[in-house]
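Dear colleague,

I am handing over the structure below, together with an account of what was found in it. Please read the notes with the coordinates open beside them.

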Amino acid sequence: MSLIGDDDRPQRPAAIVIGEDLSAHSLEELADRRAALEEEIERIDRLSEAKSASRAAADSFFKT
């Protein structure tokens, strides 16, 4: 027996599926989706910048 009922469990955000039909979504849902995608783009940009800096440091270290 679970101490947490099914309705009490934290809800996972719905996965964003690229290319899905968005016509049934409300304006609020579309705004939320856009915000989530923008946050993901920012996260990718930060990771890309960190990896570029790491690569530049390694290239500089191993230059002959």
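A residue is called buried here when its relative accessible area is under 20%, exposed when that value is over 50%, and partly exposed in between. By that cut-off Arg33, with a relative accessible area of 13%, is buried. Please keep in mind throughout that this is a predicted model.

Overall architecture

The protein has 1 helix and 0 strands, and of its 64 residues 2% count as buried. Its accessible surface comes to about 6,400 Å², and carbon and sulfur atoms account for 56% of that area.

Arg33 and the segment before the helix

Which parts of the chain does the pair of Arg33 and Glu20 link? The side chains of these two residues meet in a salt bridge, with 2.9 Å from N to O, and the pair links distant parts of the chain, since Arg33 lies in helix H1 (residues 27–62) while Glu20 lies in the segment before H1, 13 residues apart. Glu20, for its part, is partly exposed, with a relative accessible area of 29%.

The side chain of Arg33 has a further polar neighbour, in that one of its polar atoms lies 3.0 Å from the backbone oxygen of Val17. When residues up to four places away in sequence are left out, Arg33 touches Ile16, Val17, Ile18, Glu20 and Leu22. One of these, Ile18, lies in the segment before H1, and with a relative accessible area of 72% Ile18 is exposed, whereas Arg33 is buried at 13%.

Ile18 also takes part in a nonpolar patch on the surface, which Ile16, Ile18 and Leu37 form with about 270 Å² of accessible area together.

Salt bridges within the helix

How many salt bridges does the structure hold? There are 3 in the structure, and besides the one between Arg33 and Glu20 they include a bridge between the side chains of Glu38 and Arg34, at 3.0 Å from N to O. Glu38 and Arg34 both lie in helix H1, 4 residues apart, which is about one turn of the helix. Glu38 counts as partly exposed at 35% relative accessibility, whereas Arg34, at 58%, counts as exposed.

Arg43 forms a salt bridge with Glu40, and the closest N and O atoms of that pair are 2.7 Å apart. Because Arg43 and Glu40 are 3 residues apart in helix H1, about one helical turn separates them. Both partners fall into the intermediate class, with Arg43 partly exposed at 46% relative accessibility and Glu40 partly exposed at 33%.

The aromatic pair

The count of aromatic pairs comes to 1. Phe61 and Phe62 form this pair, which is edge-to-face, with 4.9 Å centre to centre and 90 degrees between the planes. Is Phe61 buried or exposed? At 66% relative accessibility Phe61 counts as exposed, and Phe62 is likewise exposed, with a relative accessible area of 61%.

How values were computed. Residues numbered from 1 in each chain as written. Predicted model: local features only at pLDDT ≥ 70, side-chain atom pairs only at ≥ 80, totals over all residues. Heavy atoms only, no water. Helix = DSSP H or I, 4+ residues; strand = E, 2+ residues; numbered from the N terminus. Buried < 20%, exposed > 50% of the residue type's maximum accessible area, 1.4 Å probe, protein only. Areas by Shrake-Rupley, 256 points an atom, 1.4 Å probe, with all protein chains shown as cover. Salt bridge = Lys/Arg side-chain N within 4 Å of Asp/Glu carboxyl O. Phe/Tyr/Trp six-rings, centres within 6.5 Å; stacked < 30°, edge-to-face > 60°. Patch = residues over 30% accessible without salt bridge, like charges linked within 9 Å, V, L, I, M, F, W, Y side chains within 5 Å. Polar contact = N/O pair within 3.5 Å; in protein donor to acceptor, adjacent residues only side chain to side chain. Contact = heavy atoms within 4.5 Å.
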